[in-house]
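The following note is written for a reader who is new to protein structures. Please read each numbered point with the model in view.

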Amino acid sequence: MSGQEIDDFEKDLAGALLSYDWPEAERICGELVRLINNQPEEIPLPKIKRIIHRLRRKRRFNPISGLSEALLSSGGQDAQIRRQYAQSLIDRDILSAAELVLREIVEDPKSSNGEKLEAIGLTGRVYKQRFVNASQVENERKAALLERAVSEYLSGYRLSEASYWHTINVVALLMRAEREDLSFEGMPDPQGLAEGIFELLSAKEAEAIEEPKAWELATMLETQIALGQYDEAAATASAYGSSEDADAFELNSPLRQLVEIWQLNDKEPPGDKIVPILHAALLDREGGAVRIESKDIPNEIINLEGVFGDNAPKTITWYKQGLEKTNSIARIETPDGRGIGTGALFSGSDFFPGSDGLVLMTNAHVVSKHPADSGLMAHEVKANFQGASETFEIE
């Protein structure tokens with residue numbers, strides 16, 4: 001398996017993930033798994049790790065499991081691959097198998113302290129998810145599961161007090177225990193831990209010359225909720241939702257934590273000002289898909305095929321005409337393919353008498369040479385006419 005082959009796979013996969021073509025992403029990863037199985041001695045591991053990282057950011061856990069399984073079956077024992085494998089199993093609710101993989105990482109003397117720290121945290125996540133699964137009904141096991149989750153995260157905190165994601169989980173779970181009227185012996189004060197995280201992240205932000213990283217914002221968001229700073233938490237959620245550093249995985253994790261552990265929702269404060277922001281950002285990063293389970297659809301819904309209002313059914317010709325019109329619509333993109341706006345072609349003579357060409361029009365906040373408009377310079381963007389399958393550089 002050559003490095004060029006992997007580069008081609010990664011390029012194709014990046015395109016599929018960027019366009020939210022999940023079936024194509026699955027197909028590409030299936031081909032890569034077959035290559036790994038047939039040529040296990042020639043695997044360029046760093047490139048495969050990069051591919052798995054791309055999949056993780058888009059929450060494509062099935063192909064991560066497949067690739068990791070193939071790598072481990074070929075004889076590889078890389079701790080990072082094993083950890084990513086366990087992560088994919090957890091997010092597919094295959095918790096017992098994930099725990100076994102994580103224990104192997106922690107007990108392996110060859111594992112780095114960083115990987116052990118990550119594995120300990122993910123073991124806490126295993127027990128946290130078991131608690132969530134058990135907490136839907138009165139279950140005598142849930143107290144033991146919650147205590148075990150806290151203990152795992154505390155182990156990570158004691159291994160490295162600077163690992164704030166372990167610490168904020170201790171805070172969230174102990175405060176959940178208080179709401180459940182559960183008490184555990186020998187536990188730290190969650191309020192004091194939250195104040196320590198707040199001071200740590202505030203000092204880090206004050207000294208930084210760049211915007212905070214996604215996980216720093218996520219941790220600050222939870223810390224502000226723990227401290228009752230709900231208006232500040234809403235502002236942090238907004239910054240987090242618009243962070244270029246936050247993709248689907250980074251957004252789903254704190255959202256799940258806020259709903260499942262902090263028990264926030266989008267109808268009551270403080271969740272009503274926080275949860276919708278993260279939901280909308282996650283929806284955008286996952287391609288605008290909406291998942292509705294059958295249990296969420298009222299039984300009384302009828303006439304699902306009824307026509308409401310004056311909108312009559314449309315013909316195929318009507319749809320074809322609409323598609324043809326898209327040939328003149330451009331997606332304005334940065335060089336890496338990130339969309340920042342739209343534009344449309346017009347006859348130049350409509351705006352400039354005597355002109356016989358076409359003019360691409362967009363908003364000044366998208367493209368402009370004037371600093372006050374906040375748009376990018378023309379040479380910094382591309383015009384992607386998706387209907388015509390053509391992309392143009394702009395002079």
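1. A salt bridge is counted where a side-chain nitrogen of Lys or Arg lies within 4 Å of a carboxyl oxygen of Asp or Glu. Side chains of opposite charge can pair when their charged atoms come close.

2. Some remarks on the source are needed here. This is a predicted model, in which local features need pLDDT of at least 70 and side-chain atom pairs count only at pLDDT 80 or more, while totals for chains, interfaces and linings use all residues. Residues are numbered from 1 along each chain as its sequence is written, and side-chain values use heavy atoms, with hydrogens and water left out.

3. The secondary structure of the protein chain comes to 15 helices and five strands. Helices (H or I, at least four residues) and strands (E, at least two) are DSSP runs, numbered from the N terminus. Along its principal axes, the C-alpha trace spans about 85 × 55 × 55 Å.

4. Which accessibility classes are used? A residue is called buried under 20% relative accessible area, exposed over 50%, and partly exposed in between (1.4 Å probe, protein chains only). Of the 395 residues in the protein chain, 42% are buried. The protein chain exposes about 22200 Å², and carbon and sulfur atoms supply 51% of this area. Accessible areas come from the Shrake-Rupley method with a 1.4 Å probe; for residues, only the protein chains shown count as cover.

5. Glu250 and Arg57 meet at 3.3 Å, N to O. This pair links distant parts of the chain, since Glu250 is in helix α13 (residues 248-260) and Arg57 in helix α3 (residues 45-57), 193 residues apart. Both Glu250 and Arg57 are buried.

6. Arg125 forms a salt bridge with Asp91, with closest N and O atoms 3.5 Å apart. Arg125 lies in helix α7 (residues 113-134) and Asp91 in helix α5 (residues 79-91), so the pair ties together parts that are 34 residues apart in sequence. Arg125 is buried, with a relative accessible area of 7%. A network of salt bridges links Glu10, Arg50 and Arg54.

7. What is the relative accessibility of Leu173? The value for Leu173 is 0%, so this residue counts as buried. Leu173 is found in helix α9 (residues 164-179). Leaving aside neighbours within four places in sequence, Leu173 is in contact (heavy atoms within 4.5 Å) with Lys128, Leu146, Ala149, Val150, Tyr153 and Ile261. Across the protein chain, residues 24 or more positions apart account for 58% of the contacts with a separation of 6 or more.

8. Two surface patches may be noted. Patches are made of residues with over 30% relative accessible area and no salt bridge; like charges are joined within 9 Å, and nonpolar side chains (Val, Leu, Ile, Met, Phe, Trp, Tyr) within 5 Å. Glu5, Asp8, Asp12 and Glu42 gather in a patch of negative charge. Within this group, Asp8 belongs to helix α1 (residues 3-18) and is partly exposed at 38%. Phe346, Phe351, Phe352 and Met361 make a nonpolar patch of about 380 Å². Phe352 is in the loop between β2 (339-347) and β3 (358-362), and is partly exposed with a relative accessible area of 48%.

9. Pro269 and Pro270 are joined by a cis peptide bond, with omega about 0°; Pro270 lies in the loop between α13 and α14 (275-285). Gln263 is also in the loop between α13 and α14, and its phi is near 60°, a positive value in a residue other than glycine. Ser389 has a positive phi of about 55° although it is not a glycine. Ser389 lies in the loop between β4 (382-385) and β5 (390-393), and counts as exposed at 67% relative accessibility.

Terms used
Lys, Arg positive; Asp, Glu negative; His and termini not counted. Charge placed at Lys NZ, Arg CZ, Asp CG, Glu CD.
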